[in-house]
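Work through the exercises below with the structure in view. Each task is followed by its solution.

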Amino acid sequence: FWKRNYADGAFFKDRVVLVGGTAERLHDFHLTPWGRLSGPEINLHALAAMLRGNWLGQAGLASTVASIILSGLAAVTLTFSLHGSTKWLVAGLAGGAIFWLLLCGAALTFLSFFLPAAPPLLTWLLCGFAGIACDVSLERRERGRLRARLERYVSRDVVHEIAENPDSYLQAL
């Protein structure tokens, strides 16, 4: 068998050979992002990456800081552009978060490059929800001002109806 299949070892000349047990009873299996692999198989993948020079890249500090700043600016811009429309703002924030996660996943899958996922995502969501809080606060303040001004001239029932349904009042005008 050795002579016929491996030519007395000439088959292995100038090659790298890994020898290891992969039997289930040896309990040399580990969970990896690619599933359950045996110890020799993990070493084989590491050796193949080393021979090909195909390592995973990672974003540096400058690009991480830049992504945090850009996500904060984008969230503030989205908040100001959708002022008064809380539903669309929440939808835009959720869509932006999903887009960033998909972009990070695509960069890892197709480019073997780790983009920072958590810091820009947290910045995006914190700035966006802070914008929503400011928007709601401004809306309540405006409603209070409108109520205070109108109560000088009309009854409280009319003021309550106008404050609760300003669109119907404006259409009636």
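**Exercise 1. Decide whether Phe1 is buried or exposed, and classify the aromatic pair that Phe1 forms with Tyr6.**

Step 1. Phe1 has a relative accessible area of 64%, so it is exposed; buried means under 20%, exposed over 50%, and partly exposed in between, with a 1.4 Å probe and protein chains only.

Step 2. Tyr6, at 25%, is partly exposed.

Step 3. Rings of Phe, Tyr and Trp (its six-membered ring) pair if their centres lie within 6.5 Å; planes under 30 degrees apart are stacked, over 60 edge-to-face, and the rest tilted. For Phe1 and Tyr6 the values are 5.9 Å centre to centre and 75 degrees between the planes, an edge-to-face pair.

The model is predicted: local features need pLDDT of at least 70, side-chain atom pairs count only at pLDDT 80 or more, and totals for chains, interfaces and linings use all residues. Residues are numbered from 1 along each chain as its sequence is written, and side-chain values use heavy atoms, with hydrogens and water left out.

**Exercise 2. Explain why the pair of Phe11 and Phe12 is edge-to-face.**

Step 1. The ring centres of Phe11 and Phe12 are 5.2 Å apart and their planes stand at 85 degrees, so the pair is edge-to-face.

Step 2. Phe11 is partly exposed at 38% relative accessible area, and Phe12 is partly exposed at 28%.
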